[in-house]
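Welcome to this tour. Open your viewer, load the structure and keep the selection tool handy.

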Amino acid sequence: MKKIMLVGRTGAGKTSFCQAIYGEDLEYKKTQAVQIINNAIDTPGEFVENRTLYRALVITAADADMVVLVQDCTDDQCMFAPGFAGMFGKPAIGIVSKVDLAKDSSDIHVAEEKLELAGCERIFHISNKEKTGLEDVKAYIGIAEGE
């Protein structure tokens, strides 16, 4: 199983994703500091929202096998510059989150384009709330059933 580091804006669904893939009840928790949830490193949204904190992301990524960039499809803003994932020196995948809340498919497509530009090698569409798309991500990162 790969150790993953989740990066995304505040409210993008990083902590909910961790809860969903490990079968926990979804409970909103504002991540105040780096948290380890099983094999996932959950980073605060402020780390990507404030460029002066990028070094914290790079240092934290040293403990990860893979970086997961999370983009909420209902959020017009994107904090990932083109090639953003390259600064980690690790494989990066993208997650388009909250697909159940998309107004239409263009919301999902725009979020996907943002993740592609950021340098994600593979992109998944998920809904933590409806538990859709999670099995594909779990299989890709090597989380077995029941973990």
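Is helix 1 mostly covered or mostly open? Select residues 14–21: helix 1 is mostly covered, with 7 of its 8 residues buried (under 20% relative accessible area with a 1.4 Å probe, protein chains only). Helices here are DSSP runs of H or I, at least four residues, and strands are runs of E, at least two, numbered from the N terminus.

A word on the model: it is predicted, with local features needing pLDDT of at least 70 and side-chain atom pairs 80 or more, while totals for chains, interfaces and linings use all residues. Residues are numbered from 1 along each chain, and side-chain values use heavy atoms, without hydrogens or water.

Now colour the buried residues of helix 1, among them Phe17, Cys18 and Ile21. Their cover includes strand 1 (4–8), strand 4 (66–72) and helix 5 (134–141). Just after helix 1, click on glycine 23, which takes a positive phi of about 70°.

Next, select Met5, Val7, Leu57, Leu69 and Phe84, which touch the most other members of the 26-residue largest nonpolar core (buried Ala, Val, Leu, Ile, Met, Phe, Trp, Tyr and Cys joined through side-chain atoms within 4.5 Å). Helix 4 (105–118) is among the elements giving two or more residues to this core, and its 4 residues are the largest share.

Last stop: which residues are closest to the centre of the largest pocket? Select Gly11, Gly13, Ser16, Tyr28 and Lys98. Helix 1 returns here, giving the most to the lining, with 4 residues.

Note on methods. Buried < 20%, exposed > 50% of the residue type's maximum accessible area, 1.4 Å probe, protein only. Contact = heavy atoms within 4.5 Å. 1 Å grid on protein atoms, 1.4 Å probe; cavity = no way out; pocket = protein on both sides within 12 Å on 5 of 7 lines; lining within 4 Å.
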